[in-house]
Amino acid sequence: MPGFAFTIGLFHSYDHPEFIIFGLPWEVAHEVLHLTVQGLKGGSIRDLSLPTDELLEGYPCVFVQVPETEYHEHVGYCRCYYEGNSFPLYQIVWPSNNGIYPWNADASEAFRSAQPVLGQSGKGV
C-alpha cells in the first residue's frame, strides 16, 4: 500500500469533511492537508466538486468523494474517533508533472499505484 495521510476531527470541529491524500512525501502530504483546512476555513476553497490551485503550486488538485466501503481499509482511526462511518471523506488527488491524473489513460502504472483513487472522479480533468 502506498503511503498516505488523513485528517481526523474536521467534521466534528468545523463541519468540514475529512480528507485523505496518497503518494506524497510525509511533510508535503501534511502541508497539503493543512492548506486544505485553511482554504476551507478562509473560504478560498468553497466547492469540492471543482479543481483547486490552492494546494500545490502549478498543479490543480481534485477532490474525490470516498465511498464508505473504503473507510475500514484506510481511515480506521477516523472510524474510532467517530465511532463508525458517520463522516464524509474526500480524497485529494494531484496530477503528475505532465498534468495527468491517475484515471487518465496516459497515466503510468507506477503513478496509479502510488496514488490509488478510492472513489469515482467524474471531474473531466
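What follows is a conversation about a predicted model and some of its residues.

Visitor: Before we start, what kind of model is this, and how are residues numbered?

Guide: This is a predicted model, in which local features need pLDDT of at least 70 and side-chain atom pairs count only at pLDDT 80 or more, while totals for chains, interfaces and linings use all residues. Residues are numbered from 1 along each chain as its sequence is written, and side-chain values use heavy atoms, with hydrogens and water left out.

Visitor: What is the mean pLDDT of the chain?

Guide: The mean is 93, and 95% of the residues reach 70 or more, pLDDT being the predictor's confidence in each residue on a scale from 0 to 100.

Visitor: OK, the core next. How many residues has the largest nonpolar one?

Guide: The largest nonpolar core has 22 residues, and those with the most contacts inside it are Phe19, Ile21, Phe63 and Ile92. Such a core is a set of buried Ala, Val, Leu, Ile, Met, Phe, Trp, Tyr and Cys residues joined through side-chain atoms within 4.5 Å, where buried means under 20% relative accessible area, exposed over 50%, and partly exposed in between, using a 1.4 Å probe and protein chains only.

Visitor: And which elements supply it with at least two residues each?

Guide: S2, H2, S3, strand S4 (59–65) and S5 each supply at least two residues of this core, with H2 giving the most, 5 residues. Apart from this core lies another, of 10 residues, among them Tyr71, Cys78, Tyr82 and Leu89.

Visitor: Where does Thr36 sit, and what does it touch?

Guide: Thr36 is in helix H2 (residues 26–42) and counts as buried, at 0% relative accessibility. Not counting residues up to four places away in sequence, Thr36 touches Phe19, Ile45, Leu55, Phe63 and Ile92, contact meaning heavy atoms within 4.5 Å. The side chain of Thr36 also reaches the backbone oxygen of Val32 at 2.8 Å.

Visitor: Switching topic: how many disulfides are there?

Guide: The structure holds 0 disulfides, a disulfide being a pair of cysteine sulfur atoms within 2.5 Å.

Visitor: What about Gly84, buried or exposed?

Guide: Gly84 is buried, with a relative accessible area of 19%, and its place is in the loop between helix H4 (76–82) and strand S5 (89–93). Leaving aside neighbours within four places in sequence, Gly84 is in contact with Cys78 and Arg79.

Visitor: And Glu83, what is its phi?

Guide: Phi of Glu83 is near 55°, a positive value in a residue other than glycine. Glu83 is in the loop between H4 and S5, and counts as exposed at 76% relative accessibility.

Visitor: What is the phi of Asp15, then?

Guide: Asp15 has a positive phi of about 60° although it is not a glycine. Asp15 lies in the loop between helix H1 (10–14) and S2, and counts as exposed at 60% relative accessibility.

Note on methods. Helices (H or I, at least four residues) and strands (E, at least two) are DSSP runs, numbered from the N terminus. A polar contact is a pair of N or O atoms within 3.5 Å; within protein, one must be able to donate a hydrogen and the other to accept it, and residues adjacent in sequence count only if both atoms are side-chain atoms.
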